[in-house]
Amino acid sequence: MVRRDRLRRMREWWVQVGLLAVPLLAAYLHIPPPQLSPALHSWKSSGKFFTYKGLRIFYQDSVGVVGSPEIVVLLHGFPTSSYDWYKIWEGLTLRFHRVIALDFLGFGFSDKPRPHHYSIFEQASIVEALLRHLGLQSRRINLLSHDYGDTVAQELLYRFKQNRSGRLTIKSLCLSNGGIFPETHRPLLLQKLLKDGGMLSPILTRLMNFFVFSRGLLQYINQRKKFRRRWVGALASVSIPIHFIYGPLDPVNPYPEFLELYRKTLPRSTVSILDDHISHYPQLEDPMGFLNAYMGFINSF
């Protein structure tokens with residue numbers, strides 16, 4: 001009897017919560033997105049767009065050191081954009097002749113088609129198309145990547161290894177805090193909910209105010225598992241310089257499991273471990289430490 005009464009009260013409580021939440025949620029879903037901050041507006045204004053199969057892709061392209069042949073292409077993570085690199089952008093222009101970054105399809109200022117089958121393979125093809133658009137397809141490229149961008153870099157590395165015409169010629173690769181090993185990757189709870197779909201997915205998508213939090217975009221987690229041999233194999237088999245910059249407090253790629261597997265799988269790669277308090281976004285949390293680690297790697301060969 002007591003248990004039945006408790007269950008009845010719980011049901012009544014949830015009904016009341018639902019009656020209150022529904023109109024609030026309905027109102028929120030119709031709130032327009034916030035205006036761009038001055039910094040983001042400036043970032044967009046200084047960038048450009050090119051068209052890939054009818055879709056507009058945003059990119060940044062800065063000319064740095066005059067006379068240097070060096071080019072670096074930056075590949076951002078999930079669920080953010082090329083703006084992730086703004087804290088180290090000026091520092092990179094002091095070392096490289098061209099510093100290039102793009103917003104992947106579905107991210108940042110690039111188009112976000114729906115429905116659309118988003119894939120790592122398409123994102124890699126967009127990077128190749130951008131460099132063709134800039135007339136740099138025959139140049140040797142340094143790749144600097146983070147998170148989602150790490151996996152795009154792995155696919156570009158696989159294509160480079162196949163030595164097929166039209167592919168990038170990669171001079172070096174620096175990865176950072178990405179789930180390149182599915183077995184040590186720990187997606188955040190929100191990522192899991194959105195990836196697997198269900199009734200909460202569209203609500204969470206709008207509540208988080210991230211259009212990129214769609215089920216299609218999050219399928220890259222499943223793609224990492226499916227194509228592990230292809231992408232990890234590419235890292236393990238190429239002879240170019242490879243480096244990893246690691247924030248050890250990262251909940252997505254936990255210490256020390258991730259680092260132990262990385263060193264075991266890629267013994268020829270060098271690693272920079274940042275301070276203990278640095279987490280999943282090292283280029284934002286410790287831009288000077290990140291930049292120094294990357295320059296140390298670039299200047300080592």
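Trp 89 counts as buried, because its relative accessibility is 9%, where buried means under 20% relative accessible area, exposed over 50% and partly exposed in between, with a 1.4 Å probe and protein chains only. The model is a predicted one, in which local features need pLDDT of at least 70 and side-chain atom pairs count only at pLDDT 80 or more, while totals for chains, interfaces and linings use all residues. Residues are numbered from 1 along each chain as its sequence is written, and side-chain values use heavy atoms, with hydrogens and water left out.

**Aromatic pairs**

- Rings of Phe, Tyr and Trp (its six-membered ring) pair if their centres lie within 6.5 Å, and planes under 30 degrees apart count as stacked, over 60 as edge-to-face and the rest as tilted; by this rule there are 27 aromatic pairs.
- Trp 43 and Trp 89 form an edge-to-face pair, because their ring centres are 5.4 Å apart and their planes stand at 80°.
- Trp 43 belongs to helix H2 (residues 38-46) and Trp 89 to helix H3 (residues 86-93), so this pair ties together parts that are 46 residues apart in sequence; helices (H or I, at least four residues) and strands (E, at least two) are DSSP runs, numbered from the N terminus.
- Trp 43 also counts as buried, at 9% relative accessibility.
- Phe 96 and Tyr 294 form a stacked pair, with 6.1 Å from centre to centre and 25° between the planes.
- Because Phe 96 lies in the loop between H3 and strand S4 (98-102) and Tyr 294 in helix H12 (residues 287-298), their pair ties together parts that are 198 residues apart in sequence, and both Phe 96 and Tyr 294 are buried.
- One aromatic cluster is formed by Phe 181, Phe 244, Tyr 246, Tyr 255, Phe 258 and Tyr 262.

**Charges over rings**

- Arg 95 lies over the face of Phe 96, at 5.4 Å from the ring centre, where a charge sits over a ring if NZ of Lys or CZ of Arg is within 6 Å of the ring centre and within 35 degrees of the ring normal.
- Arg 56 lies over the face of Phe 49, at 3.9 Å from the ring centre.

**The chain as a whole**

- The protein chain has 12 helices and eight strands, and buried residues make up 50% of its 301 residues.
- Where contacts in the protein chain (heavy atoms within 4.5 Å) link residues at least 6 apart in sequence, 79% of them join residues at least 24 apart.
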